[in-house]
Amino acid sequence: MTLLRRSLVAAAAAAALLAPLAAVAQDIKPRLIRFGYGLNEQSNQGRAVKIFAEQVEKASGGKMRVRAIGAAALGPDVQMQQALIGGAQEMMVGSTATLVGISKEMALWDTPFLFNNAKEADTILDGPIGQKVMDKLPEKGLVGLVYWENGFRNLTNSKRPVNKLEDLDGIKLRVMQNNVYLDSFKTLGANAVPLPFSELFSALETKTVDGQENPVNTILSSKFFEVQKYLSVTNHVYSPWIVMVSKKWWDGLSKDEQKILLDAARASRDFERKDTREEAARALADLKAKGMQVNELPAAEAARMRDKLTKVNASIGASVGMDLWNETQAALAKLRGGK
Ligand code: TK8
């Protein structure tokens with residue numbers, strides 16, 4: 001054989017070999033899931049996204065890969081929600097409160113003092129009412145998988161301890177981009193300013209705002225203790241996070257792939273709630289050790305705050321629908337009445 005002929009034969013043989021390989025490679029090219037979140041990697045949110053990612057990769061035998069992208073590197077909650085709707089991003093976890101502009105029923109979870117404890121929150125969120133609220137998402141281009149715990153929210157600021165309602169007067173307080181929060185804190189006398197979470201640390205640092213409200217876990221993991229002196233324990237609302245998928249993308253998955261995601265989301269939820277509660281139990285002591293001055297509101301003042309805050313309830317009922325509102329109140333009454 002001439003040299004030319006030999007190399008032609010070799011090339012043909014190589015092509016014949018490579019063709020099926022290319023087809024196989026196409027087949028096993030993993031599905032990439034860009035999973036965005038707002039807090040940093042060291043937070044309870046970051047830890048739980050990691051658990052989710054590991055389970056998805058394992059259960060799919062590496063055919064689904066999760067690229068976890070934290071610290072709002074894909075944008076704050078509201079921007080990621082739009083990216084999911086448009087199909088430019090596959091998954092995210094964020095506050096239900098920032099989702100209300102898209103799905104008004106989510107405002108149910110903004111109700112001040114709705115839940116008395118974590119058990120009530122779990123029961124309602126994981127039960128038919130939580131599902132009903134989540135079921136409103138697909139018509140908006142989103143699929144909700146599970147609720148995680150952000151937690152009961154507390155106030156911090158750089159001006160003074162909040163011991164009574166009047167101490168909030170004129171405090172420039174960052175709130176989430178959500179009308180219930182805006183109205184609630186205006187009602188309490190604060191100068192409420194909506195801002196995305198990703199801008200919060202520097203807004204506190206530069207004193208663009210005096211204070212904010214978030215669960216103790218976030219106050220710790222986002223290092224707000226570096227720029228906030230006073231922490232007032234108010235537990236004014238229980239704030240859930242919601243794990244969501246782009247519906248555009250979800251609809252193209254097989255039933256098996258969807259099940260892998262749902263199973264992993266449920267496992268991550270169980271991990272996340274346990275981890276968050278363990279961290280919350282030590283967070284106050286940690287924050288004190290880091291120099292924060294912590295106070296509990298006297299009971300009479302807490303009652304005044306509660307009284308003022310629950311004035312927004314009527315407007316929440318109107319916007320989520322009175323059926324859903326009444327169903328929730330009835331379910332809670334039943335939980336509290338029947339042991
Ligand atoms: C993180 C936010 C955060 C929320 C807030 O993206 O904005 O204060 O509590 O957890 O969703």
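**Notebook: a helix pair and a ligand site**

I began with the contact between two helices: N313, I316, G317, A318 and V320 in α12 meet M322, L324 and W325 in α13. I am working with a predicted model here.

Then I looked up how the pair is arranged. Two packed helices are described by the angle between their axes and the distance between those axes. For α12 (residues 313-320) and α13 (residues 322-337), I noted an angle of about 120° and axes 6 Å apart.

Which residues are around the ligand? I listed G38, L39, D77, S95, N150, R153, R174, M176, F197, N214 and W241.

In S95, a side-chain N or O atom is 2.9 Å from an oxygen atom of the ligand. For R174, I wrote down 2.8 Å between a polar side-chain atom and a ligand oxygen. N214 has a side-chain N or O atom 2.7 Å from an oxygen atom of the ligand.

My last entry is on how covered the ligand is. How much of its exposed area does the protein bury? Taken alone the ligand exposes 310 Å², and the protein buries 98% of that.

Technical notes
Residues numbered from 1 in each chain as written. Predicted model: local features only at pLDDT ≥ 70, side-chain atom pairs only at ≥ 80, totals over all residues. Heavy atoms only, no water. Axes fitted to C-alpha atoms, helices over the stretch in contact; angles between N-to-C directions. Helix = DSSP H or I, 4+ residues; strand = E, 2+ residues; numbered from the N terminus. Contact = heavy atoms within 4.5 Å. Near = heavy atom within 4 Å. Polar contact = N/O pair within 3.5 Å; in protein donor to acceptor, adjacent residues only side chain to side chain. Areas by Shrake-Rupley, 256 points an atom, 1.4 Å probe, with all protein chains shown as cover.
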